[in-house]
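Good morning, colleagues. Please look at the sequence and model first.

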Amino acid sequence: MDIKEKIAVQLYSVRKEMERDLEGTLRKIREIGFQYVQLDGMRGNKPSEVLRLLQKYELKVIGMHIKHNRFMNDLDGIIEEAYYFGCKTIFDKYIEEEDQTTAGYTRTKETLIATAEKLHALGFRIGLHNPEYDFNACINGRRVMDYMTDPVNGVCIYAEPDTYWIRAAGHEETEFIKRYSGRAPIIHMKDFVSGFDLKDMDNNLVEIGQGEVDFRAIINWGEENGVEYYCIEQDKSRRDMFETLNTSYQYLLEL
């Protein structure tokens, strides 16, 4: 498959732009060349308007980030939203701080496993996205991310590895993601420059191809191990966000 058919963008990257000008944002995303997007909330817009404009600009939703607490309290709403946008690959976007404890991780895994059991027959895939603490913190002798994605009675919680956070946690990303072979349909592609405080994303988060992450190695591995989409996510940028996304997109195309 042409790599262009596998590059997506996480719309969290343009969250502020979506709040100001939804149509202009999605139009520019399409003009860059993206065909696939990952949703991260409506950003103050009506779902019907988001869907209308996604369809107008021929942008397909290939993944959805859902707030952690909704998995605990709003499963029916998640299902309805997933069907509405035609996407059954959904991720718990971030385990809230109050649940970053042994009890919280245990409860989260139990909830996600139960959700996966309920929705598997309907074709859903339930996964977890995470920042750097999940790659080093441990529960029951396992790294949090490994614990969360360890199968239970054959039921799998999918991983969504994030190259930036893996590198920020002190790991070599290509080697680290090997443990998720066949269990990571989407990888978040973000570059990293060391030497700055982890909170200094103005300096340590850069456009793809301008940092230390070996994206060629990641794609080579992904093509052999079930990765369906390489999803560009840019939490922030000192440049115009659309210029930044275009730089990252073009770099991946050239690979």
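I shall go through the ring pairs and then the charges over rings.

This is a predicted model, in which local features need pLDDT of at least 70, side-chain atom pairs count only at pLDDT 80 or more, and totals for chains, interfaces and linings use all residues. Residues are numbered from 1 along each chain as its sequence is written, and side-chain values use heavy atoms, with hydrogens and water left out.

There are seven aromatic pairs in the structure; rings of Phe, Tyr and Trp (its six-membered ring) pair if their centres lie within 6.5 Å, and planes under 30 degrees apart count as stacked, over 60 as edge-to-face and the rest as tilted. Tyr36 and Tyr229 are a tilted pair, because their centres are 5.3 Å apart and their planes stand at 50°. This pair links distant parts of the chain, 193 residues apart: Tyr36 belongs to strand E2 and Tyr229 to strand E12. Strands are DSSP runs of at least two residues, helices (H or I) of at least four, numbered from the N terminus. Both tyrosines, Tyr36 and Tyr229, are buried (under 20% relative accessible area; exposed is over 50%, partly exposed in between, with a 1.4 Å probe and protein chains only).

Tyr83 and Phe124 form an edge-to-face pair, with 5.7 Å between centres and 75° between planes. Tyr83 lies in helix H5, and Phe124 in the loop between helix H6 and strand E5. Tyr83 is partly exposed because its relative accessibility is 43%, while Phe124, at 5%, is buried.

Finally, Lys109 lies over the face of Tyr147, 4.9 Å from the ring centre; the criterion is NZ of Lys or CZ of Arg within 6 Å of the ring centre and within 35 degrees of the ring normal.
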